[in-house]
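Hi,

Here is the structure I said I would pass on.

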Amino acid sequence: MAVIATPLNSVLVVACEVGLDEHGLPKIRQRSFNNVRSNASDQDVYDVAVALYSLQEYPVYSIRRDNRIDLIEE
């Protein structure tokens with residue numbers, strides 16, 4: 001059985017360090033942006049995240065792209 005993978009879209013997930021907890025460890029908050037085009041380049045997605053989050057006061061902890069793919073049996 002062969003499986004066909006069809007790219008659907010991506011989700012951009014950006015995590016920021018918003019402070020420290022009572023133990024001195026970083027507090028991380030993340031935000032997701034849905035419906036990123038699957039054909040957008042990784043560099044473009046990264047550049048958009050950096051541009052958006054340069055407008056805020058909290059430092060970016062991580063930038064992640066989660067690709068969604070539809071799998072169907074041939």
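A word on the ground rules. This is a predicted model, so local features need pLDDT of at least 70 and side-chain atom pairs count only at pLDDT 80 or more, while totals for chains, interfaces and linings use all residues. Residues are numbered from 1 along each chain as its sequence is written, and side-chain values use heavy atoms, with hydrogens and water left out.

The overall picture

The protein chain has one helix and three strands, running β-β-α-β from the N terminus on. Helices (H or I, at least four residues) and strands (E, at least two) are DSSP runs, numbered from the N terminus. The radius of gyration is 16 Å, well over the 11 Å that the globule rule gives for 74 residues, so the chain is more spread out than a compact globule. (That radius is taken over C-alpha atoms, and the rule is 2.2 Å times the number of residues to the power 0.38.) Along its principal axes the C-alpha trace spans about 55 × 25 × 15 Å.

Buried residues make up 18% of the 74 residues; buried means under 20% relative accessible area, exposed over 50%, and partly exposed in between, with a 1.4 Å probe and protein chains only. As for contacts (heavy atoms within 4.5 Å), take those between residues at least 6 apart in sequence: 65% of them join residues at least 24 apart.

Neighbours within four places in sequence aside, Ser10 is in contact with Phe33, Asn34, Asn35, Val36, Arg37, Ser38, Arg65, Asp66, Asn67 and Arg68.

The side chains of Asn9 and Asn35 make a polar contact at 3.1 Å. With neighbours within four places in sequence set aside, the contacts of Asn9 include Val36, Ser38 and Asp66.

Asn35 itself is found in strand E2 and counts as exposed at 59% relative accessibility. Have a look at its backbone: Asn35 has a positive phi of about 60 degrees although it is not a glycine. Most residues other than glycine have a negative phi.

The helix and the aromatic pair

Next, H1. At 1.5 Å a residue, its twelve residues should span 16 Å, and its end C-alpha atoms are 17 Å apart, which agrees. (The expected span is 1.5 Å times one less than the number of residues.) Which residues of H1 are buried? They are Val45, Ala49 and Tyr53. Seen down the axis of H1, these fall within an arc of 55 degrees, so they line one face of the helix; the arc is that of the directions from the helix axis to the C-beta atoms. What covers them includes strand E1 (3-20), E2 and strand E3 (60-73).

There is one aromatic pair, counting rings of Phe, Tyr and Trp (its six-membered ring) with centres within 6.5 Å; planes under 30 degrees apart count as stacked, over 60 as edge-to-face and the rest as tilted. Phe33 and Tyr53 have ring centres 6.4 Å apart and planes at 80 degrees, so the pair is edge-to-face. It links distant parts of the chain, with Phe33 in strand E2 (residues 26-37) and Tyr53 in helix H1 (residues 42-53), 20 residues apart. Tyr53 is buried at 13% relative accessible area, whereas Phe33 counts as partly exposed at 24%.

Two more residues

Ile63 lies in strand E3 and is partly exposed at 28% relative accessibility. Beyond its neighbours within four places in sequence, Ile63 is in contact with Leu12, Val13, Val14, Tyr46, Ala49 and Val50.

Leu25 lies in the loop between E1 and E2. Leaving aside neighbours within four places in sequence, its contacts are with Gly19 and Leu20. The C-alpha atoms of Leu25 and Val50, 25 residues apart along the chain, are separated by 24 Å.

Cheers

Key. Expected span 1.5 Å × (residues − 1). Polar contact = N/O pair within 3.5 Å; in protein donor to acceptor, adjacent residues only side chain to side chain.
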